[in-house]
Amino acid sequence: MSLQVSALCRHPVKSLGEERVEQVTLTEGAPMPWDRVWAIAHGATEWNPANPKWEIPSNFLNQTHCPRMAQILVAFDETSGEMTLSHPDLGEIRLDPEAEQARLCDWIAPLAEGTTRSGPYRLCKAAGVAFTDFEDTHIAIASHASLRALEEMAGHPLELIRFRMNIWVEGGAPWEELDWVDREITIGGARLRVTARDQRCNATTASPVTGQRDVQIPALLRRRFGHMDFGVYAQVISGGLVRQGDPVHV
């Protein structure tokens, strides 16, 4: 069965919700536009605003340590720069993250209370940097066929947001994307090189419905396959427009 793009996702603030878009223009050597542009550093992070740079994921708030963050919904307006965030326990907030950093950090703080990620909290941004899991810019890609296979293994529905991918593809066989490493793929008008498998962590165990840990996805993968890989990372080697429904060729 032929492959095609089924969803395009971005996460403007690291671990603060997922937003789907209809199309995106990928650029050579760059991450997904507006993906993880900001991140919230916790009190143990030595963030230097005079020298902003990529930092390891553990320096920022995320649902690995704060599972209630999985319940956040986000909508970002590129034109106005305003962002709307909502959470069942915190209500809704609309703000400009550039101008209202303290307000955003105060809003998110209750979700980190009682965890190992205490404050004070700071909103971080570094020009041209995405706070992805690795310093090299990448696009995260996963397959609906693999997701359905994983759901069958788990005996539980698994929401896309658990995995925080950028591009979801439909068609093909379960797990075939794990063999794309070191190969090139064309997605719409862009060309990418698949660089590595995506090893999953406990962030995937946090339910976006309840904010509690339920399905132990990394352990489930390890028991069945001897690894914890779901999805792959790719780098853009030739930019172009990618739309939902576009064909994917390996």
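Because the model is predicted, local features need pLDDT of at least 70 and side-chain atom pairs count only at pLDDT 80 or more, while totals for chains, interfaces and linings use all residues.

Let me start with helix H2, which covers residues 144-154; helices (H or I, at least four residues) and strands (E, at least two) are DSSP runs, numbered from the N terminus. Among the buried residues of H2 are His144, Leu147, Leu150 and Met153, where buried means under 20% relative accessible area, exposed over 50%, and partly exposed in between, with a 1.4 Å probe and protein chains only. What covers these buried residues includes strand S1 (3-10), strand S10 (167-170) and helix H3 (217-225). After H2 comes Gly155, whose phi is positive, near 65 degrees.

I turn now to a sheet. Its 3 strands form an open, antiparallel arrangement in the order S5-S6-S7, and two strands pair if DSSP finds at least two bridges between them. The edge strands are S5 (73-76) and S7 (91-95), each of which pairs on one side only. Strand S6 (residues 83-87) and S7 pair over 5 bridges in the antiparallel sense, and Thr84 stands opposite Arg94 in S7.

Which charged partners hold our attention next? Arg10 forms a salt bridge with Glu78, the closest N and O atoms being 2.5 Å apart, and a salt bridge here is a side-chain nitrogen of Lys or Arg within 4 Å of a carboxyl oxygen of Asp or Glu. This pair links distant parts of the chain, since Arg10 is in strand S1 and Glu78 in the loop between S5 and S6, 68 residues apart. Arg10 counts as buried at 5% relative accessibility, whereas Glu78 counts as partly exposed at 44%. Returning to H2, its residue Arg148 forms a salt bridge with Glu170, with the closest N and O atoms 2.8 Å apart, and this pair joins H2 to strand S10 across 22 residues.

Finally, the aromatic rings: how many aromatic pairs does a search of the whole structure find? The search finds 11, where rings of Phe, Tyr and Trp (its six-membered ring) pair if their centres lie within 6.5 Å, and planes under 30 degrees apart count as stacked, over 60 as edge-to-face and the rest as tilted. The rings of Phe163 and Trp168 have centres 6.2 Å apart and planes at 75 degrees, so this pair is edge-to-face. Phe163 is buried, at 2% relative accessible area, and Trp168 is buried as well, at 0%. Both belong to one aromatic cluster, together with Trp175, Phe225 and Phe230.

Definitions and conventions: Residues are numbered from 1 along each chain as its sequence is written. Side-chain values use heavy atoms; hydrogens and water are left out. Contact means heavy atoms within 4.5 Å.
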